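User: I'm new to this one and would like to learn how to read its features. Could you walk me through it step by step?

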Amino acid sequence: MRIFPYSRQKISSSDIKAVSRVLRSDFITQGPEVKKFEDKICKAIKSKYSVAVNSATSALHIACMALNFKKKDILWTVPNTFVASANCAIHLGGKVDFVDIDYQSGNIDVSLLEQKLIKAKKNKKLPKILIPVHFAGLPTEQDRIWKLAKRFNFKIIEDASHSLGSRYKGNITGNCKWSDITVFSLHPVKIITTGEGGIAATNSEKLYKKLQIFKNHGITKEKSQFIYKKNKYNDWYYEQQYLGLNFRMNEISAALGISQLKKLKYFVKERNKIAKYYKKNLKLGNLLLPNFSKEFYSSFHLFVIKIKHKKYKVLQRKLFNLLRKNNYFVQVHYIPVHLQPFYRKRFKFENKELTNSVKHSESSISLPIYPGLKKRFLLNIVKIIKNFVAEECK
């Protein structure tokens, strides 16, 4: 029985050859491939520096550490995201609060963000870090957010896990023009994959050095960075200067990433072709489809439809089950973070302020979208949805 997931990797013979080459080499953990991958990522996203790690979750964690996020500091993000976007703050002993999304885009509502910041300033509870999430591959309005960061004095980590290869106002995601650090995911369902993996990009040399050391146990072997200078001539010498973690990427993953990165534009183009097909063929009165201006170019990690009907909760469940019954492994992105048991038990959030995130989770379905998805299967998905809307959304 063939199952069609909402997204998946596309591995070619060239990818397999790249991995095989490394497996036959002298290095499979720490060697030249990781640095080569980091350099190629920088070139692709036009950032000055990038740090490869074992997951985007790890990248978020060390990004917060590099920005000196500490116990009792406050981090804001959106509820419409994977839990890692908020967990990074909790792991460091900090506090989390949420800003609601724009219902159409699924991204942070910048107007609501400004209102919340004004209120927080009066109450002396401003965030130290904001993590705006690029939902489904659509970039956030980073220029507007950057202006607010300067006005209210907070740092920005773009959670661009979904949006490698996307653009906003001609700026490729990851160039860090309007952020301190940008994080990407290289999980198999994302745009390119390293098996598991992540990237933290920045234009700051200071942050880059911190990211590098935090991902490697807090250890440095760079003689220029040694505190105890008298040991700089001992080739075996190293220093642990911080309490870091082992978040390193291995050579095998990096080799796969280098090979996959060559196909980044092709992968994004294919995803956009599928999105265009869905948009053309699912123009139905009871469906809300992705819609954004030409200022945005989405990488379409996800293609999310929303049901417009007074019984959207019931209809979402029915359509979800129907598609899965036909082996289309659709998904819901996401259950709002603040509604997870861990967060319910430890924090009290004003649900009335997060209504769009809740409604989004109760009305949306992520359809299959990935390079290699054949047109005959797209035809069938569209047919099932059209028949369902005609029969159920009266």
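User: Let's start with the open sheet of three strands: what is the strand order?

Analyst: Keep in mind that we're looking at a predicted model. The general idea first: strands of a sheet pair through backbone hydrogen bonds, either parallel or antiparallel. Here the order is β8-β7-β14, and the pairing is antiparallel. At the edges you'll find β8 (171-172) and β14 (296-297), each of which pairs on one side only.

User: How many bridges join β7 to β14?

Analyst: Two bridges link β7, residues 167-168, to β14.

User: Next, helices. Which residues of α10 are buried?

Analyst: A handy rule: an α-helix has 3.6 residues a turn, so residues three or four places apart point the same way. In α10, the buried residues are Tyr312, Leu315, Gln316, Leu319, Phe320 and Leu323. They sit on the same side of α10 because they cover an arc of only 135° around the axis.

User: What do the buried residues of α10 pack against?

Analyst: Quite a list: the strands β15 (303-307), β16 (328-329) and β17 (364-367), plus the helices α12 (355-363) and α13 (375-392). As for its length, α10 runs over residues 312-325 and reaches 20 Å from first C-alpha to last, close to the 20 Å expected. Just after the helix, look for Asn327, which takes a positive phi of about 70°.

User: β17 came up there. Which residues are buried on each of its faces?

Analyst: In a regular strand the side chains alternate between the two faces of the sheet. In β17, Ser364 and Ser366 lie on one side, Ile365 and Leu367 on the other, and all are buried, so both faces are covered. This strand runs antiparallel to β15, with four bridges joining the two. Phe303 has Leu367 of β17 as its bridge partner.

User: How about α4: which of its residues are buried, and what covers them?

Analyst: In α4 (residues 84-91), look at Ala84, Ser85, Ala86, Cys88 and Ala89. Their cover includes the helices α3 (56-66) and α11 (341-346), along with strands such as β3 (74-77) and β6 (155-159). Just after α4, Gly93 takes a positive phi of about 80°.

User: Now the rings. How many aromatic pairs are there?

Analyst: The count comes to 15 aromatic pairs. Take Tyr266 and Phe267: their centres are 5.7 Å apart with 50° between the planes, which makes the pair tilted. Another tilted pair is Phe292 with Phe300, at 6.0 Å centre to centre and 40° between the planes.

User: One more thing: which charged end sits over the ring of Tyr103?

Analyst: Lys306 places its charged end over that ring, 5.1 Å from the centre. Lys359 also lies over the face of Tyr103, at 5.1 Å from the ring centre.

Note on methods
Residues are numbered from 1 along each chain as its sequence is written. Side-chain values use heavy atoms; hydrogens and water are left out. Two strands pair if DSSP finds at least two bridges between them. The expected span of a helix is 1.5 Å times one less than its number of residues. Buried means under 20% relative accessible area, exposed over 50%, partly exposed in between (1.4 Å probe, protein chains only). The arc is that of the directions from the helix axis to the C-beta atoms. Contact means heavy atoms within 4.5 Å. Rings of Phe, Tyr and Trp (its six-membered ring) pair if their centres lie within 6.5 Å; planes under 30 degrees apart count as stacked, over 60 as edge-to-face and the rest as tilted. A charge sits over a ring if NZ of Lys or CZ of Arg is within 6 Å of the ring centre and within 35 degrees of the ring normal.
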